[in-house]
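Let's take a look at how charged side chains pair up in a protein. Here is the one we'll be exploring.

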Amino acid sequence: MDWLEKNLQCIENENELDYYKLYEFVKDWKAEKERYFIDTAKDGSTILGVHGEEKKIMLNSTYKPVQEAEKFAKKVQLTDNSIIAFMGLGNGIIVKELAGQLNEEALLLIYEPSKELFAFVMQHFDMSEILGDKRIKIFVKGINEQYFDLVLNYNINNVNIGVTVLETHPKYKELFSEEFDVFSQQYKDCRNSALVNLKTIMDRQTIMGCNAIVNVAYLVYSKVAADFIGAFPDDMPAILVSGGPSLDKNYEILKQAKGKALIIAVDRTAQYLLDRDIIPDMFCSLDYSKSIKLFQDERLKEIPFLYMSDLSHIVLNTLGIKNLIFGTSSLKFHNWLISEYGKQSVDLPIGGSVATLGYSFAKMAGFKHLILVGQDLALTGGENYAGGMVSGVAGIDEYGTMEVPGNVEDTVITRGDYYVYLKWFEQAVKEARESGMEVINATEGGARINGTKIMTLQEAVEQYCQESYDVESVFQGIETLTAKEKIEDVKALLRKKGEELPKLKKKAKDAAEMARRCGILSERGDYGKEFKEKNKSLSQTTALFDESAVASLLSSYAEGLLVEEDLDLYVTKDDNQEEMIRLYHKMEKNYQYIYEKADDVMLFYDGMLETIDEVGG
């Protein structure tokens, strides 16, 4: 059967990682000579071969190719959620077997060193199952190989380093030895980079955990994002202003939209607009270590400010409490406090950049039309930001650059981190369409965001920004979490809640010892009375930590800091007894770390209680 049309349709349906280039190459490819061939195995299976310089090289077993592929796949040390860097697509038999061992969270990155072999396989084998599997990404040398580093870098983190795997198709080392050396070095470099970054991750989590506690002092004076759901007029548009280089072209037009749309600026862009006599209606930030220089203009204190729970508390201290809007938190503690005062928490999807926070707020609030400005996601003229600013050069060096379709130009140059945000926006825009929100891309430059309606900012303002609105009254109509005259009641509530911390500290210490003992008993195979009693107590402690609002502060502070030199703690075992031992060992380390860091959390908590009066002025 001729599988080319079916395979091409699968490739055409994929809109990322430059699959369109794979489509174009395969569609037009014609073999110059018959280097590759198909044959039939003893069991009737169709197999793939290569004419070598001296002999034929078969890429599958000539007897039972599927069974041999099963054996090979079982030898690869995989967990359910492994990240596999695999060289050699072949005719897909081995890849299918590897994929069969993985769950939906896994990732299988296939590097094919021969574009001619890739095209031949597309013409002669049914690859639709592989091409349609969202867990499998294909990178072909000479076509889209530059994405391999990018995807691997952004998927390896402190939790899953231990489950990354490097492997190759059995015959590919012989056929493509030089390519394998380069491929394996790329993998090792990515993994080593992740290992080096672990210390940074650990330090960051400590700071974020500290901020999450200290910022409770600001939360009590803040408005809550969920209160803005449906608060704005139905036909009112929103404009999200990011700081991409193209903003220099059209920022003046924003003056026409003032009072006719909700103008949301990201943190860096707020100052840019103020310097040009444009006052945004609100601005936002989420970075735990954002430079304080961006927030020192006194005019910013008068503008509603949307923030995340772990934003730098120094930023909040600089801005003051007059116009704070609490965005979202993953911690039970913040959500508990909000619910205590009859308000609703909201989960704002965050894609890692401040622009994604502003976007999620607009979607949550219920805007039917959202206009993007300055959302370049590209290096226009070699610059990162409007105003001629260049920064983040390390990001270019670390993640590389690539061409992507342009919003105005045919193609533009972007870098790895921008590409990740681009994909986030494309998925978000797709979901927005399904919920009835139209996203207009009035960024006059930069990368194309698939699914958006492309217009100039002037066109967008003329079409959508016609009516006048009292934007300020909307913000004034939303009450803060608590009134100033009730702050003493808030402090009493928080003080009482904080009394749980010493008790949880002791629980963590006891749990660490119980987990250690259960691990020892598991090694002995002793699952008698002592094991059952300690295991029951451990389950109760785990349930307590899962349910307790205060415990979430402890867990957050410790999260990301539990990476051990022995990464095997994070790699599941096939053997049931070994897996049980691993889990108890990991649980022991987890509770031990929480116990050791509990005093820090209590210190921050007490400081937060004292800060409430200070920030309230």
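A salt bridge here is a side-chain nitrogen of Lys or Arg within 4 Å of a carboxyl oxygen of Asp or Glu. The background is simple: side chains of opposite charge can pair when their charged atoms come close.

A bit of housekeeping: this is a predicted model, where local features need pLDDT of at least 70, side-chain atom pairs count only at pLDDT 80 or more, and totals for chains, interfaces and linings use all residues. Residues are numbered from 1 along each chain as its sequence is written, and side-chain values use heavy atoms, leaving out hydrogens and water.

| Pair | N to O distance |
|---|---|
| K343 and D227 | 2.4 Å |
| D281 and K258 | 2.8 Å |
| E438 and K453 | 3.8 Å |

Salt bridges can also join into a network, as they do for D275, D297 and R299.

Now, buried or exposed? Buried means under 20% relative accessible area, exposed means over 50%, and partly exposed is in between (1.4 Å probe, protein chains only). D281 is buried at 9% relative accessibility, and K258 is partly exposed at 36%. In the remaining pair of the table, E438 is partly exposed at 25%, and K453 is partly exposed at 32%.
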